[in-house]
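These are my notes from a first look through a structure that was new to me. I went through it one topic at a time and wrote down what I looked up.

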Amino acid sequence: MDGRESRYEAFLDKLSRERLRRDLTEIVARAARTLEVGGRTYVNLASNDYLALRFHKALIERACAWAKEFGTGSGASRLVTGNLELFGQIERKVAALKNKPAALVMASGFQANAGVLKALFDTAVLGAEPLVFSDRLNHASMHFGCQAAGVRQVRYRHLDVAHLAELLDRHSSRDRPAFILTESVFSMDGDVAPIPEIAQLGREHSAMLVVDDAHATGILGEGGRGLSDGADLVIGTFSKALGSFGAYVACSETMREYLVNRCGALIYSTALPPQVLGAIDAALDLMPSLDGERKRVADLGAHFRSKAQELGYDTAGSATQIVPVVAGTADAALRLGEDLREAGFWATAIRPPTVPQGTSRVRCVFTAAHTPEDVNGLLDALSESARRLADAAST
Ligand SMILES: Cc1ncc(COP(=O)(O)O)c(C=O)c1O
């Protein structure tokens with residue numbers, strides 16, 4: 001090699017030394033409950049397919065039917081000729097689900113956060129630099145959107161409404177439009193933001209509240225509506241509880257029109273293909289009928305959480321289907337993940353920079369495909385891992 005890549009190589013070597021290097025593991029998934037790696041089957045605790053819809057007959061059938069009828073691609077961006085009338089049908093369903101006047105379908109949650117926030121914080125449009133208050137643990141895609149807009153965020157302590165209020169009081173200025181950004185359910189902690197209180201603060205300070213409802217849409221809230229009531233603008237995805245791919249923005253008619261005219265991620269990207277739209281459409285139709293599944297998933301999460309805590313594990317602030325088992329160092333999280341794998345459970349170790357230093361964890365996710373026996377087996381594996389650690393410490 002002539003050295004043009006040596007700096008990248010050095011970076012990768014450093015990650016390896018720090019136990020922070022990532023790699024892409026090839027898996028085979030033919031069902032929602034399990035996955036196969038290297039010929040072995042594991043219980044899959046690492047998928048966000050909370051309602052196990054990605055293998056649901058209704059989604060697969062409508063995806064196939066729409067591909068057969070409308071082709072495998074949309075052909076162009078939505079502003080050119082890719083705006084199939086199927087989008088309008090889906091957007092009306094999303095607006096109804098989210099109780100908002102309008103909705104806009106976009107290509108992915110990452111793209112929506114990156115593109116919508118950039119458009120929202122456009123200084124040329126606002127006439128002043130925006131003031132953006134963000135929960136410290138917001139998802140990377142939200143930071144990406146802020147960075148793209150050139151915004152320096154004012155970060156408040158995770159879920160700390162009093163700190164947000166203090167920062168709003170300290171920084172608010174009549175000349176600068178204010179925004180508050182938060183997730184509803186935090187992806188790596190499984191805890192829940194107090195959206196009604198944050199919305200109240202937003203109203204008091206004339207700050208627009210933007211909520212990323214990715215991990216609540218479909219699985220939490222009445223009829224799977226999510227937990228974003230009170231937000232001015234909601235961003236969410238169809239890639240998690242809705243079992244396929246793509247994202248939505250739910251908002252006012254004005255904001256929808258603005259995004260159609262100013263959001264580069266929508267304007268310059270090919271529209272989602274018909275088969276994906278078919279899966280989304282079928283998942284939205286199923287939403288009202290899935291209360292039983294939602295309750296079952298919540299119960300599995302609650303049972304696991306309380307028993308894991310009894311075993312002495314730290315589950316952070318989890319109150320949902322996402323339950324982290326916080327191990328501390330990256331190495332400890334990787335070792336815990338390996339112990340679980342040995343016992344037949346696939347849960348991913350999450351390390352910095354995805355989570356703060358010292359809080360590396362194994363993220364366990366429960367879905368409608370899991371059984372109480374799966375949860376008990378996982379608890380046995382955790383207990384065995386704790387015993388091994390204690391044995392190692394005492395020798
Ligand atoms: C909170 C949050 N927002 C956005 C995204 C991105 O969504 P998508 O996977 O549809 O790109 C994710 C998922 O990874 C997420 O956890």
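This is a predicted model: local features need pLDDT of at least 70, side-chain atom pairs count only at pLDDT 80 or more; totals for chains, interfaces and linings use all residues.

Entry one, a covered strand. With that cut-off in hand I turned to strand β6 (residues 178–183), and found it mostly covered, with six of its six residues buried. I then asked which residues lie on each side, and noted Ala178, Ile180 and Thr182 on one face and Phe179, Leu181 and Glu183 on the other, all of them buried. Looking for its partners, I found that strand β4 (residues 131–135) pairs with β6 in the parallel sense over four bridges, while β6 and strand β7 (residues 207–212) pair in the parallel sense over six bridges.

Entry two, an open sheet. I next followed a sheet of three strands, which is open and has the order β10-β13-β12 with antiparallel pairing. Its edge strands are β10 (322–328) and β12, each of which pairs on one side only. Neighbouring strands of this sheet are turned by 30° against each other on average, direction ignored. Between β12 and strand β13 (residues 360–365) I recorded three bridges in the antiparallel sense, and among the residues involved Ala349 has Val362 in β13 as its bridge partner. The helix α14 lies across β10, β12 and β13, and runs at about 35° to β13.

How much space lies in the largest pocket? I noted about 950 Å³. Its lining comes from 27 residues, and those nearest the centre are Asp23, Ala46, Trp346, Thr348 and Ala349. I found that α14 (330–342) and β12 (348–350) each supply at least two lining residues, and that α14 gives the most, with four. Sorted by kind, the lining divides into eleven nonpolar, seven polar and nine charged residues.

Is Leu45 buried or exposed? Its relative accessibility is 2%, so Leu45 counts as buried. I placed Leu45 in the loop between β2 (40–44) and α2 (57–70). Leaving aside residues up to four places away in sequence, I listed the contacts of Leu45, including Phe345, Trp346, Val365 and Leu378. Finally, I noted that Leu45 and Asp374 are 329 residues apart in sequence but 9.6 Å apart in space, C-alpha to C-alpha.

Terms used
Residues are numbered from 1 along each chain as its sequence is written. Side-chain values use heavy atoms; hydrogens and water are left out. Buried means under 20% relative accessible area, exposed over 50%, partly exposed in between (1.4 Å probe, protein chains only). Contact means heavy atoms within 4.5 Å. On a 1 Å grid over the protein atoms alone, a cavity is a set of points where a 1.4 Å probe fits but cannot get out, and a pocket is an open set with protein on both sides within 12 Å along at least five of seven lines; lining residues have an atom within 4 Å of a point. Grid points are joined across faces, edges and corners, and a volume is the space filled by probe spheres set on the points. Ala, Val, Leu, Ile, Met, Phe, Trp, Tyr, Cys and Pro count as nonpolar, Asp, Glu, Lys and Arg as charged, and the others, Gly among them, as polar. Two strands pair if DSSP finds at least two bridges between them. Axes are lines fitted to C-alpha atoms, for helices over the stretch in contact, and angles run from 0 to 180 degrees between N-to-C directions.
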